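Have the sequence and the 3D view at hand.

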Amino acid sequence: MAAQDMNVFPTDASSPASSPATAKALSLREIFTRRVVCDHEGKGLSLALASWSYPMRSWWLATLGFMAAFTSWFALTPLLKKTIRPDLGLSDEDLSNSDIANVSSTVIFRVLVGPLVDKLGPSRVMALILVSGSIPLGLSGLLKNGAGLITLRAFIGILGATFVPCQAWTTALFNKRIVGTANAVAGGWGNMGAGVTSLLMPQVYAMFVAFGLASSIAWRISVLIPVLICICVAMMCWFLGDDRAKLEYGEMSTAHHKPVTNILDTSLGSTVVVDPPEEAHIPKLDKGGVVDNRDRDNHNHHHLPQHSVGGCAAAANRNIFSILITALSNPNVLILMVSYACCFGVELSVDSVIGNYFIKHFGVNQQIGGLFGALFGLLNIFSRATGGITSDFIAVKYGLPGRIFWMALLFLLSASSIIGFSFANSIGTATFVMILFSYGCQAGTGSVFAIVPFLGSYMGAASGLIGAGGNIGGALFNVLFRIYIDDQPRAFQIIGAVVAVGGFLLAFLLRIDGQSAWSILCRV
C-alpha cells in the first residue's frame, strides 16, 4: 500500500511518556542514533544528527533558522566600537542605546509570534521572520547617524523572535522523553550564531578592506552576507519543513487505527517507527536495515490516538490576545519568564558588550575582541545542550522536581561566576570565569525549556511569553550596562545578585502538577 501522511498535534504534558514511573533512561547511544527512531505518534525518540529524514530535517531547519537569525541579529555588534562608531561619529551612549533597542524590541515580537505559531505553524513563521528581519539589516548600509542606527537595530530585533518557532517546532516533533535534549541542542546551536557573527563579521570586513575598499564601504557591504544567509535559510524552512508530527506508514488504516511498526528509507537516512512510546523500545534491525518481525511481535501494540490535523484546534477559534491571556494566567509561565530573563537575558546583554569589554579593560584590538565574543557564544555548541540532556536524565529518576532542581543549581553557578568575573583583573582569569558563567547561563536556558513542554496547552504562546521574558531581561541588563557605562564591573555584580534571587531562589516557587524542587531537598 502506498505510504500516507498524517499531521498530528502534540500530545499534552500528561502523556505517559513524560512520567518517570513508566519510563526508563535512554542512553546517549539510544538518543544520538544513525537512524531516527519515532514513537507510535510519529514523534522522534532519537536525534540522528547525520540524518536529513523526518523529523530530523525539520529539526535541522529549526536549528539553522535560529542560528541564521542570531548571526544577523548581532551582525553589527562586532564592528560597532572600532569601525562603525568613528565612521558615523557615534558616542558611547548611541552604541548602548542601540544595544537596548536591538534586544528590547524583540519582546514585542516574541509575544506576538507565539500565538501565530499556534495558528500558522512554525515553518512559515520562521521563514517570514527571517525575511522580515533581514530587510532592515540590509538597509543598515544607508545609515548616517546614531538615531538611524537605533531605529534600524530596533527593527532588526524581530530576528530574535525566531526562538519561538524554533522551540515550538522541536517540541511538536519529539517525544517528551527527549524533548529537553531536542530543544536544548537546537536552541544552543542556534545561539551559536552570536559567536559565529563575532568571528565572521570582523574577518569579512577585513577581507573587503584587503580587496582595496574603504572602511566606510567595507562594513556596509559586509552586512549583506548575513542577509543572504537569512534569505536562503528562510526558503528552506518554507519549502522543506514539516510543522507537525508526521507518520508516513505502510499497511496502515487511519479509520481502524491499526498499530504501526515500520521503517521508512529516505535518500539521506531512515526513520524507525516504534511503539509503545513509554517503553522507548529501539527495534532490532536485520542486516538489510528492516525491523526484525520476531522482535516486533514481542511487543504490545498501542492504538494511534486521534488528533486534530493542521494547526492547534483550540487556537484556530481564538484570537491572539485571548490565547496570550490564557497562557499568562498560568503562574508557572510567569515564574519561567523571570527564570529565562536570568539566563538568556544575561546571555543577550553580555553578547552585546563582552567583546568591547575586553577591548576596553584589557586593551585588545577589534579582531581579538571579536574572538572573545565568539568564545562566549560558541560555547553553546555543548553548554545549552547539556542543560537539556542532563534535565532529561535527571527526570528519569526524579521527574519534574529533578528538572527544576537542576535548573536552580545552574542559576547558582551563574550568579557566583558572574560576580567573580567582575573582580577578574587579568585576561586569563577573566577568560576562565567568563567560560564558567557562560556555561551556567547557556545550560540554564536549556534547563528552562526542558520544563516548558510540561506546562500544558498553547505551547506556542507559552514559549513566546517565556522567550519574551528572556528579552525583557536582556533589555534591562543592557540598560544597567548603559547606566554603568564607565564602571561595567559594577553592572556585572548587580546582574549576579539578580540571578541569585530571580533565578536560583525563585525556582523553588515553581510548582507544576503539584511537583516542585522542594521534594528533592526532602529526600536528602
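Among contacts in the protein (heavy atoms within 4.5 Å) between residues at least 6 apart in sequence, 80% join residues at least 24 apart. You are looking at a predicted model, in which local features need pLDDT of at least 70, side-chain atom pairs count only at pLDDT 80 or more, and totals for chains, interfaces and linings use all residues. Residues are numbered from 1 along each chain as its sequence is written, and side-chain values use heavy atoms, with hydrogens and water left out.

The protein has 21 helices and five strands; these are DSSP runs numbered from the N terminus, with helices being H or I of at least four residues and strands E of at least two. Of its 524 residues, 60% count as buried, where buried means under 20% relative accessible area, exposed over 50%, and partly exposed in between (1.4 Å probe, protein chains only).

**Two helix pairs**

Here are the two pairs side by side. Axes are lines fitted to C-alpha atoms, for helices over the stretch in contact, and angles run from 0 to 180 degrees between N-to-C directions.

| Pair | Axes | Angle |
|---|---|---|
| helix 15 (residues 344-362) and helix 17 (residues 383-422) | within 13 Å | roughly 35° |
| helix 5 (residues 122-139) and helix 7 (residues 163-173) | 9 Å apart | about 160° |

The angle of about 160° makes helix 5 roughly antiparallel to helix 7, a label for angles over 145 degrees. Their crossing is left-handed, meaning that the near helix is turned anticlockwise from the far one by less than a right angle. In helix 5, P122, S123, V125, M126 and I129 meet P165, C166 and W169 of helix 7. By class, that contact has seven nonpolar, one polar and no charged residues; Ala, Val, Leu, Ile, Met, Phe, Trp, Tyr, Cys and Pro count as nonpolar, Asp, Glu, Lys and Arg as charged, and the others, Gly among them, as polar.

Helix 15 and helix 17 also cross in a left-handed way. Helix 15 contributes F344, V346, I354, Y357 and F358, while helix 17 brings R384, I418 and F421. This contact has seven nonpolar, no polar and one charged residues.

**Helix 13**

Now find I323 in helix 13 (residues 320-328). Is I323 buried or exposed? I323 is buried, because its relative accessible area is 0%. Its C-alpha atom is separated by 7.2 Å from that of Y458, 135 residues apart along the chain. Within helix 13, I323, L324 and A327 are buried. Seen down the axis, the buried residues of helix 13 fall within an arc of 100°, so they line one face of the helix; the arc is that of the directions from the helix axis to the C-beta atoms. The face turned away from this buried side carries the exposed residues F321 and I325.

How values were computed:
Angles under 35 degrees count as roughly parallel, over 145 as roughly antiparallel, 65 to 115 as roughly perpendicular and the rest as oblique.
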